[in-house]
Every structure is written in structure tokens, then in C-alpha cells.
Amino acid sequence: MGRKVSFRDKQPSGPGRKARKQGDPKFSKEFLGASDGPKKLSHKQKKRAAKRVQKEQKFLGKKEKVKAQLKEKKMQLLEDSSDEEPSEMANGLKKGKMRQNFVSLKPPASDSELDSEMDEDMDEDAVKVGNLDDVSEDSGSEERDDFDGDDDGDLLPFEKASKKLKEKAREDKKLAEEELKLNIADQEEFKLPEEDDEEGPKTLDEVQQRIREIMRVLADFKAHRQEGKSRQEYMDVLRKDLCLYYSYNDFLMSTLMNIFPLGELVEFLEASETERPLTIRTNNLKTRRRDLATKLIDRGVNLDPIGPWSKVGLVIYSAQVPLGATPEYLAGHYTIQGASSMLPVMALAPQENERILDMCAAPGGKSSHIASLMKNTGVLVSNDANSERIKAVIGNFHRLGVVNAIVSCEDGVKFPKIMAGFDRVLLDAPCTGTGVIAKDASVKASKSQVDVQRCYNLQRKLILSAIDCLSAKSPSGGYLVYSTCSILPEENEWVIDYALKKRNVKLVPTGLDFGVEGFVNYRQHRFHPSLNLTRRYYPHTHNMDGFFVAKLKKFSDTLPPGSEPNDDDEEPFENTLSKEEKKELERQTKIETFDGKQPKKAKKDKKHIIKNFSKQINGKKTAQKPTQKPVQEKKNPKTPKAATTEIKKSSNAQDKVHQKVGKTLKKIKQKNRAFIKREQMKSIKKKGPIKEKGRNKKF
């Protein structure tokens with residue numbers, strides 16, 4: 001049990017000789033109930049209460065003083081209001097005329113809004129009167145709020161009217177100040193630098209400021225343009241400043257300005273300056289993404305799934321270990337691959353037990369992804385023209401456990417002659433790399449019109465050979481996926497449009513849920529309407545490298561009329577070039593026609609022998625001895641330029657005719673030889689081997 005509780009108050013007794021007894025238990029106030037007597041305050045609480053009383057007394061004294069001052073001021077205002085009314089009305093009319101030039105950005109207020117504003121003015125009159133300069137600044141804002149509300153009821157109607165007039169005068173003053181500021185801003189508008197002015201922006205901050213000013217002018221060109229200046233002049237200055245600020249060459253910057261609007265262009269340039277997040281792809285042949293993620297998290301890797309569109313991708317934010325040297329990487333559980341590189345394989349959608357060709361496979365990331373989706377069944381042919389890069393494909397296949405692949409090193413243009421009849425083909429064509437500027441910053445200054453033309457010619461040949469490798473009779477396939485890591489329409493939409501004209505193919509949906517639609521119109525060019533099924537990816541919108549993906553289906557193995565297997569007509573891209581650009585192309589690249597290279601001109605022999613065996617004398621030919629004469633001694637008459645050009649044209653035409661005749665003769669000879677061999681084989685089969693006469697004779 002316990003001790004009994006005694007609720008009687010006992011007087012404390014002093015300590016006895018023995019030890020002190022245990023005191024009674026103490027209980028909280030909630031348990032015993034509130035006491036009826038007043039609460040006892042501590043020393044600090046008493047001091048605080050005294051301070052509060054002093055503050056209240058001071059506040060009441062100040063309040064009475066301020067009220068007295070306000071009443072005096074109101075009486076003065078009422079006396080002066082009768083004299084000031086006509087002058088203020090006149091000033092209001094003058095200021096109203098000044099406000100005609102002021103353009104307000106807000107829509108005009110309705111009648112209901114005006115009524116509500118008038119009510120608010122009536123409620124806030126006391127506060128506005130309290131802001132006079134004569135009122136002492138000792139009274140705070142909290143004190144004014146306490147007693148201004150009580151003073152509204154004491155005002156008479158004419159007092160309220162005088163307050164409204166005062167408020168209108170203040171508003172007019174504010175509008176006049178704003179108008180003055182606008183006039184100053186109009187005087188300080190941006191002006192384009194003159195051609196003679198050599199002084200330009202000296203720092204990057206000044207260049208950036210001028211870029212912003214030009215973009216502000218171009219956003220509303222009619223309102224902010226400078227008189228006598230065209231839009232093209234602003235665009236030229238902007239292009240030069242962007243090239244200077246972001247270190248691009250003039251050709252690439254002008255091309256990007258044609259692709260993107262100005263606001264989106266700056267976003268693309270800024271996104272291209274920063275690298276994309278590191279991504280890895282899980283190898284489903286050896287592990288699952290969940291198991292791999294747990295192992296990497298245990299090693300101190302911060303990661304997340306790449307998104308709902310991929311079941312094998314992971315984004316790496318930070319890692320305490322190098323991802324290219326972990327035991328999981330060496331065991332082939334994952335490979336480092338960009339997010340945009342997974343999109344073409346997803347669009348291809350390979351199935352099990354199919355024949356698939358990866359025409360440009362190095363370094364093997366997409367090919368290994370195809371093999372994992374095929375589950376090491378069927379046949380995968382990984383081809384690349386570079387023998388050095390093909391070694392990386394073999395190493396990755398061994399590490400990732402790919403078994404169903406055949407690695408070849410052949411020219412993709414000639415591959416249909418080697419092997420054909422594939423169900424699906426993936427063509428990741430070589431390009432200028434304008435979508436991966438964050439990885440390779442040299443693209444900004446190194447790429448030119450010639451590089452784009454060279455890539456376009458190669459891509460056009462590769463896509464035709466890839467279509468020829470497909471089989472339209474395949475029950476599950478007949479699909480081609482074309483992809484590049486470039487954002488230029490010359491390497492993407494133009495190549496697809498060319499393939500649609502030269503082969504019996506059609507565009508089909510890629511199966512990707514996100515991405516920007518491809519161009520149907522680009523400047524003066526018009527492409528096939530089905531090109532909106534293609535997909536574009538940008539670093540500033542999708543946070544991945546710039547990429548282009550298109551999916552084609554072959555519906556017939558025959559060629560359309562007017563096209564040949566090695567068709568190499570003049571492409572529309574050359575028609576858009578200027579004369580200077582064409583001269584540069586001819587200078588830097590070798591132009592080859594269907595007739596082959598032109599024969600080299602024979603060198604002139606300065607010391608040649610001139611032989612004239614027959615010379616007419618009186619209508620008769622007489623033979624003469626050969627004489628040796630140097631060329632310098634002989635003076636040939638100068639022929640006019642027109643005659644020389646006609647001679648050259650005739651000689652070129654004769655050379656072409658001789659070449660064609662020579663080709664036809666060679667073909668006829670080859671046919672005759674083949675026919676003779678066939679006849680000989682037939683005779684051998686019927687009669688047996690021919691016995692030569694005299695072989696069995698004995699000498």
C-alpha cells in the first residue's frame with residue numbers, strides 16, 4: 001500500500017534531533033483543481049506588468065496630441081479648399097492632356113471597379129490624411145491604425161470631398177512622374193552600332209547586355225525599332241554577338257537561327273554548354289534493373305530510373321566509385337550509354353528469332369541492346385567500316401555475353417551485294433554531331449557547309465543500301481530505323497524525303513510517346529507530309545543529347561520507275577547553295593559523275609619533233625625530210641576565246657562518246673566470253689573430253 005494523503009495544511013515544524021521525515025506528496029493543479037484566490041506573480045512578471053501600464057499611458061497621451069493636430073489641420077484644409085478647387089480642376093485638365101501620350105498596359109476599369117475604388121478611398125481617407133508632413137513621426141503605424149478608424153465617423157461630407165480632391169492631385173503627380181520616366185526611357189532606347197564605329201563591346205557582360213537589348217527589340221519590332229533600320233540588320237548584329245559569346249562559327253549559328261525561334265535558340269545554346277546527366281543501361285541477359293540498383297546503391301551511387309519510357313535505364317547523379325571500373329561493369333551487368341541512344345532500338349522493336357542488321361554498329365551499344373531484346377536468339381549482324389572501332393564491338397560483346405552476333409567490317413554502301421533479306425535494319429548514320437556539342441565542343445567552330453554536304457551524300461547512299469538489304473516479304477519485319485545525333489534538317493528530313501522518292505517505302509509511327517515532330521516545311525523547302533511521324537529530341541526540352549529518329553517500312557522489293565540501284569542524281573541541297581559555296585565545294589571535294597573521273601590531261605612536251613612528210617607544191621604532194629624545231633621558235637597565231645571553248649566542248653563530247661562506246665564493247669566481249677564458255681561446257685557434258693590429235697603417237 002502507500003501513505004495516506006492528508007489535505008490539511010499543517011504548519012511546518014523545525015527539524016528535530018532525528019532525520020527529517022518524508023514530506024507529503026505534491027500533485028499538479030489540474031488534478032487538485034483551480035484555486036479561487038488570485039494568482040501570485042513572480043518578480044519578473046510584476047516588472048513586465050508595470051512596463052505595460054507605462055506604455056499604455058504614453059500611448060494615450062500621444063493619441064490625444066495627434067487627434068488635436070489632425071483637427072487643426074482639417075480646419076485649415078477646409079478653409080483653403082474653396083480657393084483651391086478651381087485651380088486644381090484646371091491643373092487636372094492640363095495633366096489629363098499630358099496623359100494622352102501615356103500608354104497604359106492595364107485594360108480600362110469597368111463601372112463596378114470604379115465604384116469599389118471610390119469606396120476604398122472613402123475608407124482610407126483617415127489614413128491618407130495622417131501621412132502629412134506636419135504630423136509628428138513619433139507615432140508609429142500601429143498607433144495610427146488604432147485611432148484612425150474611430151475618426152471616420154466624425155468627418156462631414158464636405159471634409160470627405162476635400163480629401164478626394166487631395167488624393168486626385170497626388171495621383172496626377174504620380175502619373176506625371178511616370179510619364180517623365182517613360183520619356184527618359186524612350187530617349188535611351190537601344191541603337192544599332194554604325195558601320196564606321198569601331199568601338200564595340202569589350203567584355204562578355206557588354207555582349208550579353210547587347211544580345212538582350214536586340215532580342216527585346218525583335219520581340220516587338222514595330223514599337224522598339226530604330227528608324228531607318230531593317231530587321232535583317234538587327235539579325236546580323238545578333239548573329240555576330242552570339243558567335244562571339246558562345247564561340248560558334250558564322251555558318252552553324254546562322255543555321256541554328258533558321259531552325260529555332262530566338263527565345264528557344266538561347267535556351268538551346270545554354271543547354272549545349274552543360275553536359276547531360278550520366279546514364280547507364282541494364283543488361284537483361286545477366287541481371288535485372290532492381291537488383292543492379294540495389295548493388296550500386298550499396299556502393300554509394302545516387303541514382304534514379306531514367307523515366308517511364310524505359311525499363312532498363314538509370315540516371316546517375318553522383319558516385320563515390322568510377323562507374324567504368326566496378327565489379328558489376330566488368331561482369332557485364334550494365335553498360336554506359338546515353339539516354340538518346342536507347343531511342344532508336346526502342347523504335348526498331350526487335351523480336352526473337354529474327355535476322356537484324358546494324359549497319360554502323362561501333363562501338364556496339366545499340367547492337368548489344370538489340371541482342372538483349374532478342375534474348376540471344378536469331379541472328380544479329382553488326383557491321384562497321386572502321387576496322388579500329390570494330391575491336392570495341394567485339395570487346396563489348398564478350399563482356400556483355402552476346403552470343404548471337406556476327407561482326408563484319410565492310411562498306412555499308414556495298415553491303416546489299418554481300419548479304420540481304422533482313423527482317424529489320426538499324427542505320428545510325430555518321431553525321432556532323434550538332435546534337436552532342438556538350439560532349440565535343442570543337443563542333444561549334446569546325447563544321448562548315450562542306451562537312452554537311454559530305455555527310456548528306458554519304459547518308460543518302462547508306463539509307464538506299466539499307467533499304468535494299470531489307471526484305472518486304474518478311475512476315476514480322478521489313479522495318480528500317482534511321483537515326484542521327486544531329487539536329488540539322490539537311491541530315492535528317494532531306495535524307496528521309498530522298499529515300500521516299502527513290503524506294504518503295506513509307507513512314508510509320510516510331511512508337512515513342514514523347515519528342516518533337518519532324519519538319520514538314522523548312523524555309524523554302526517542302527517535304528513529304530508524313531514526315532511529321534518522325535521525332536526530334538533537343539537538350540533544352542528533353543534533357544538528353546540532340547537526336548533524330550525515323551521509322552520506315554518497305555512494302556515492295558521492286559524499284560519505283562525512274563530509279564536505279566546506284567542512283568546518284570543531283571540532290572536539292574546543291575541547288576540551295578550560292579556560287580561561292582559551290583566553288584568551295586568543288587575546291588575541297590572531288591566531284592564524281594556516273595561516267596567516272598575525267599582523264600588527266602597529258603603534259604605538253606616543249607621540245608617535240610614536228611614532222612611534215614607531205615607538202616603541197618603547185619597542187620602536188622612532195623615528201624620532205626623531218627626537221628626538228630623547238631616550240632619557242634614557232635609563232636602560232638592566237639585563236640579567239642570563243643573558238644577555244646568550242647574546241648574544248650567538242651573534245652569533251654568526243655571523250656564521253658569514246659568512253660561510252662568502250663564500256664559497251666567491254667560488256668559485249670564479256671557476254672561473248674560467257675556464251676562461249678557455256679557452249680564449251682555443254683559440248684563437254686555431251687561428248688566428253690576432247691582428245692587432241694597426235695597425243696598417243698610414239699616418236
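Helices (H or I, at least four residues) and strands (E, at least two) are DSSP runs, numbered here from the N terminus. The model is a predicted one, in which local features need pLDDT of at least 70 and side-chain atom pairs count only at pLDDT 80 or more, while totals for chains, interfaces and linings use all residues. Residues are numbered from 1 along each chain as its sequence is written, and side-chain values use heavy atoms, with hydrogens and water left out.

The loop between β5 and α15 holds Pro 363. This proline is joined to Ala 362 by a cis peptide bond, with omega at about 5°.

Two strands are said to pair if DSSP finds at least two bridges between them. Strand β5 (residues 355-358) runs parallel to strand β6 (residues 379-383), and 4 bridges join them. Strand β5 also runs parallel to strand β8 (residues 424-428), to which 3 bridges join it. Asp 358 has a bridge partner in each of these neighbours: Ser 382 in β6 and Leu 426 in β8.

A further sheet is built on antiparallel pairing. In general, strands of a sheet pair through backbone hydrogen bonds, either parallel or antiparallel. This open sheet has 4 strands in the order β2-β3-β1-β4. Because β2 (301-305) and β4 (334-336) stand at the edges with a single partner strand each, one side of each is left without a neighbour in the sheet. Neighbouring strands are turned by 35° against each other on average, direction ignored. Within the sheet, strand β1 (residues 278-282) and strand β3 (residues 313-319) pair in the antiparallel sense over 4 bridges, and Thr 279 has Val 315 of β3 as its bridge partner.

Helix α12 (residues 289-298) lies across β1, β2, β3 and β4 and runs at about 155° to β2. Axes are lines fitted to C-alpha atoms, for helices over the stretch in contact, and angles run from 0 to 180 degrees between N-to-C directions. Contact means heavy atoms within 4.5 Å.

The axes of helix α9 (residues 231-246) and α10 come within 10 Å and cross at roughly 120°. The two are therefore oblique to each other, given that angles under 35 degrees count as roughly parallel, over 145 as roughly antiparallel, 65 to 115 as roughly perpendicular and the rest as oblique. Their crossing is right-handed; a crossing is right-handed if the near helix is turned clockwise from the far one by less than a right angle, and left-handed if anticlockwise. Met 235, Leu 238, Arg 239, Leu 242 and Cys 243 of α9 make the contact with Asp 250, Met 253, Ser 254 and Met 257 of α10. In the loop between α9 and α10 lies Ser 247, a residue other than glycine whose phi is positive, near 65°.

Helix α10 (residues 250-259) and helix α11 (residues 262-273) have axes that come within 8 Å and cross at roughly 130°. These helices, too, are therefore oblique to each other, and α10 passes α11 in a right-handed crossing. Met 253, Leu 256 and Met 257 in α10 meet Leu 262, Leu 265, Phe 268 and Leu 269 in α11.
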